[in-house]
Amino acid sequence: MAVAPPPVCMSDSDLHILLIDQNVMRASVLEEGLKEAGYSNVTVVRDMQNLLRRIVDEDPDVIFIDLENPNRDVLEQMFQVSRCVRRPIAMFVDRSDTEMIKAAVEAGVGAYIVDGLKKERVKAILDMAMSRFNAFSELRDELERARLALSERKVIERAKGILMREKRLTEEEAYGLMRKAAMNDSKRVAEIARALVTATDLLK
Amino acid sequence: MTRLIIGFIPLLDCAPLVAASERGFAAEEGLELTLVRETSWANIRDRLIVGHFDAAHMLGPMAVACTLGIGHVRVPMVAPCSLGLGGNATAVSLRLWNQMTRDGAAAGSPPKLQGIALKRVLAARALQDLRPLTFGTVYPFSCHNYELRYWLAAAGVDPDRDVRLVVIPPPLLGDAMRAGQIDGFCVGEPWSSVAVDAGLAAIVNSTAAIWPSSPEKVLGCRAEWAEDHRAELAALIRALYRAALWCERPENHAELATLLAEPRHVGTSPGLLRRGLSGRLILTPGGAAEALPDFYLPASRWATFPWTSHALWYYTQMVRWRQIELVAEHPGLAAGAYRPDMYRAALAPLGVELPREDTKGEVFFDNRVFDPSDLVSWLGR
C-alpha cells in the first residue's frame, strides 16, 4: 500500500523528475502520487525514440525507469558522456546502499540522480516511487487473479452443464460431484472441470 | 539436485548456458539451472548484487567495473569462466556503406582498409559541415564499446570527438537505424544479421578481425557467493565447459540454433542464429554468405579460460577512454576479478590440458601487441 509521504521542503518540490515508463497506467499512478505529494515538476516519457536527446533536453534532477525497460542501459551510458552537461549518476554509489538497491529492484524501479545532488533530498521521492510501483504490481496481480477466477468460473459452469445434461443432476449435485472428485485427487474444482470439458470435447 | 538461478541477455553467446541447461550437461553435474531472460545489463548487475541471481551471462568488462566500483556501488564480482571468443560485428547503415565503398571499402575487406574508407567519409562530411556520425554499442563497459573504439582510433578517428557514441539495446538497433538515429553499431550476433536481413545495414568487420581470439561474455557472480558456493560453482564450470564443446561441433548447430531461437531464449529465427554459429555471415543485404575466420568460438583455443590478461586489457581501455583514472592498486584489483584458479580447480577432475600461464599477450589487427606485464607502455605513458 502507498505510504503517506513526509512533508516536502519547498526547494525539493522544484526538483525536475523524469519518469521513463512504457506502461501508461503505472506511469500515471506514479505521476499522480508525486504531484499529490507536492512535486509539481514531473515529466513522463513513454516514447523511447531518441531517449538520450530527450533526457539532455529535459535536464532532469531525478530519473526513474521501470526495470522491464531495456533502455536502462542507455541511462548507464550517460554516466560516461560529456563532462560539460549535467549527467545522471546511479542513485547507489556506496556500500551502505545495497539494502536500498534490493528494495528498488524488488519494486522494479531504477533510480538515477544528477551528479552533485544530495541523495538525502531524493530519498523521499524514491520511497514514493517504490511504494507506487509495489502498489501497481499488487493491482496487476489482483487483476490477473480476477481474470483467472473469471475464466475458471466459466469452465466450472460449462462442466456443471455437461454433468447436469449427461447424468441428469441438479446444479448443486453436479457441483458436489466435481468437488468430491477434486478432494479425492487433491486437485482444485477448476482443474476437474477443465479435464471434464476437454474430455467431452474429445469425445464429441 | 542443486538449483541455480542464472540471468542472461538474449544473444548468440548465451548458447553454453542454454545448452548446459537443456542438453543435460548441468544435470550430469547435479545442477538444475533456471535461466532468467533479462532486458538490460544494468538489471543483470543489480539482480546479482541483491541475490536474485546466483550467476549470470555477463559482459567481461562489467565484472571489472563492478569490482572497481565505477559509476555504481562497488561490489566485488568474479569471472571464473569465460563464455566464448568473438561473436561480435560492426555494421553500418547502407547509406554510410555506399559512401564507404566509394572510398575503398568492400565486403570482407580487412579492418585497416575499412577504417581508411570510414576516415575519408568523415573527412568529407567535416568539410561539408554535416552532423557527426553516430555509432551505437550495447553498454559503456563492454567489449563492443572498446573494440569499436579501438578500430576507430587505429583509423585515426577520435571516438569522442569525430563521431558520437551512444548505447542502444540490441533489439532496438534496427529501429534506431531505420529512424536515422544511428549510422552504425557494434553488437553481438544475431543482431547484425537481423539488421542485414531487414535491408538496413552492411557488416563491415567481425571483431575477430580486429582482435583475433577476442574475449566476450563471462560467467559472472558475486565474489562472496563464489567463495560460499565453491562446489556448486565448480560443477557449473564443468557443465559449461562440456556444453561449450557441444555448442562448437558443427553437427549440433542445427539443433542448437532451434533451441536458441525459442522465444524464451533469443527469439529470432534459427537461420539467423546459424550464421553466427557457423561463422558464415551474409555481409550485405541480398549478398552471399561469406566465411569469417574464427567468427565465434565457444570452446576451442581455450575459449572458456578466464585469462587475467583480458581483465587487464579492459582496465587499460577504461583508462584510455577516461572512464577511470589510472590508480596504482587498480590493475591488481581488475586482474583479481578474473579467477583462472577457480576454473583450474573445477576442471582438475576432467584431466584436460589447460594453459600453463594465467596471462597471455594479445595481438591486434594493427600489429600492436598488448603485454599484460607492461600496462604503462601500452597506455603510452
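## Helix α16 of chain B

In helix α16 (residues 330-337) of chain B, His330(B), Ala334(B), Ala335(B) and Ala337(B) are buried, where buried means 20 or more other C-beta atoms within 10 Å of the residue's own, exposed means 12 or fewer, partly exposed lies in between, and C-beta atoms are placed from the backbone. Because these residues cover an arc of only 150 degrees around the axis, they lie on the same side of α16(B); the arc is that of the directions from the helix axis to the C-beta atoms. Helices (H or I, at least four residues) and strands (E, at least two) are DSSP runs numbered from the N terminus.

Contact here requires C-beta atoms, placed from the backbone, within 7 Å.

## Basis of the model

This is a predicted model, in which local features need pLDDT of at least 70 and side-chain atom pairs count only at pLDDT 80 or more, while totals for chains, interfaces and linings use all residues. Residues are numbered from 1 along each chain as its sequence is written, with chains lettered from A and ligands numbered from 1 in the order in which they are written.

## Strand β3 of chain B

Five of the five residues of strand β3 (residues 55-59) of chain B are buried, so the strand is largely enclosed by the rest of the structure. Strands pair if DSSP finds at least two bridges between them. With strand β1 (residues 2-8) of chain B, β3(B) pairs in the parallel sense over two bridges; Ala55(B) in β3(B) is the bridge partner of Ile6(B). With strand β11 (residues 217-222) of chain B, β3(B) forms four bridges in the antiparallel sense, and Met58(B) stands opposite Val218(B) in β11(B).

## Nonpolar cores

A nonpolar core is a set of buried Ala, Val, Leu, Ile, Met, Phe, Trp, Tyr and Cys residues joined through C-beta atoms within 7 Å. The largest has 171 residues, of which Ala129(A), Ala63(B), Ala91(B) and Leu240(B) touch the most other members. Helix α12 (residues 230-248) of chain B gives the most to this core, with eleven residues. A second, separate core of eight residues includes Ile156(A), Ala159(A), Leu163(A) and Ala193(A).

Leaving aside neighbours within four places in sequence, the contacts of Ala91(B) include Gly184(B), Phe185(B), Ser192(B) and Val204(B).

## Chain A

The secondary structure of chain A comes to eight helices and five strands. Of its 204 residues, 31% are buried. Among contacts in chain A between residues at least 6 apart in sequence, 64% join residues at least 24 apart.

Note on methods
Two residues are in contact if their C-beta atoms, placed from the backbone, lie within 7 Å.
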